[in-house]
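Here is a short briefing on one protein model. Look over the sequence and the fold, then read the points below.

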Amino acid sequence: MIPFVKAHACGNDFLILEEAVARRAHAALARRLCSRNTSIGADGIEFLERRPAGEFFLRLFNADGSEAELSGNGTRCVAAWLAHSEGLREVALGTHGGVRTCRVISADGAQYLIESGMGVPRVMPRTIELPGVGNVEGAMVNVGNPHFVLFVESEDFGVHGMTWQELGVRISTSPLFPHGTNVEFVKMRTASEIAFRIYERGCGPTTSSGTGTCASSAAAMALRGAARELTAIAEGGAQRTVWPANDAVMMLTGPAEIVCEGETFQADAPMVEHEVETF
């Protein structure tokens, strides 16, 4: 049996497994356990490694088995679980995208409000050319993982004669981004509020994204004159970003909820496979 925890942040859901159970089969486990029709279902798995001296390290595998640098929402879910299970109110979590420090602001049962330091965003305006679409103006944003942010005017977030989902998959899997990219479609509502939609690399459309919230906010602040404190609203709910200056750490505040603990059956045969890092 494989013990697991399921948690979500604004509907962006993750399984949390101890690294020891992976047995070098991270990708296969992610594909199997994240299936929504034949297994538990999730957008990805956070594998939690407990290192000497009380250090923690996370490896994130998307539902399609690909490995990503980090997830802001996933990291927050792990912080909520460590608060729930071990009473940790502040924790530093290592990731392939850098160390992220999470602090519990409030707790109500299995529901937590957590502030996370998300590193210093890097924003670079860029216009890309897609076959059959033409030039697409946006910005490349790095918040420990890659994002391409577009600004839209329509209420349905469509642009270039396509739905955001259709254009999102075209950009995410474009050869212009050899390792893929997350894509956000951002609508400015006021100087202090944005709404956005997310096409997540290795997963597809998601209701929320912590790094996507940060990337969207950083682009709005750096390129559209948005306030340095923003409310960013995705389909799953609102999160709060604070970015005092372009060279400062961005802070992200949002909810996380522990859904359940459980056990799932191990596969009949070992799932060891060769894994290729993509970051």
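Which residues of the largest nonpolar core touch the most other members? They are Val 78, Leu 82, Val 91, Leu 93, Tyr 112, Ile 114 and Ile 258, out of 25 residues in that core. This is a predicted model: local features need pLDDT of at least 70, side-chain atom pairs count only at pLDDT 80 or more, and totals for chains, interfaces and linings use all residues. Residues are numbered from 1 along each chain as its sequence is written, and side-chain values use heavy atoms, with hydrogens and water left out.

**Nonpolar cores**

- A nonpolar core is a set of buried Ala, Val, Leu, Ile, Met, Phe, Trp, Tyr and Cys residues joined through side-chain atoms within 4.5 Å.
- Buried means under 20% relative accessible area, exposed over 50%, and partly exposed in between (1.4 Å probe, protein chains only).
- Helices (H or I, at least four residues) and strands (E, at least two) are DSSP runs, numbered from the N terminus.
- Helix α2 gives the most to this core, with 7 residues.
- A second, separate core has 24 residues, including Phe 196, Ala 220, Ala 234 and Leu 252.
- Val 91 is in contact (heavy atoms within 4.5 Å) with Phe 56, Ala 79, Leu 82, Arg 100, Thr 101 and Cys 102, leaving aside neighbours within four places in sequence.

**Helix α3**

- In α3 (residues 164-172), the buried residues are Trp 164, Leu 167, Gly 168, Ile 171 and Ser 172.
- These residues sit on the same side of α3, because they cover an arc of only 130° around the axis. The arc is that of the directions from the helix axis to the C-beta atoms.
- An α-helix has 3.6 residues a turn, so residues three or four places apart point the same way.
- The buried residues of α3 pack against β9 (122-130), β10 (134-142), β11 (146-151), β12 (182-190), β13 (193-200) and β14 (204-206).

- Arg 197 lies in strand β13. Arg 197 is buried, at 19% relative accessible area.
- Beyond four places in sequence, Arg 197 touches Phe 157, Trp 164, Val 183, Glu 184, Phe 185, Ile 233, Ala 234 and Glu 235.
- Ala 107 is in strand β7 and is partly exposed, at 43% relative accessibility.
- Not counting residues up to four places away in sequence, Ala 107 touches Arg 89 and Tyr 112.
- Ala 107 and His 147 are 40 residues apart in sequence and 31 Å apart in space, C-alpha to C-alpha.

**Asp 43**

- Asp 43 is in the loop between α1 (26-33) and β3 (44-51). Asp 43 is buried, at 9% relative accessibility.
- The side chains of Asp 43 and Arg 36 make a polar contact (3.0 Å). A polar contact is a pair of N or O atoms within 3.5 Å; within protein, one must be able to donate a hydrogen and the other to accept it, and residues adjacent in sequence count only if both atoms are side-chain atoms.
- Among the residues that Asp 43 touches are Cys 34 and Cys 203.

**Cysteines**

- The structure holds 0 disulfides, a disulfide being a pair of cysteine sulfur atoms within 2.5 Å.
- For Cys 102, the closest cysteine sulfur is in Cys 77, 10 Å away and too far for a bond. Cys 102 is buried, at 2% relative accessibility.
- For Cys 203, the closest cysteine sulfur is in Cys 34, 8.0 Å away and too far for a bond. Cys 203 is partly exposed, at 28%.
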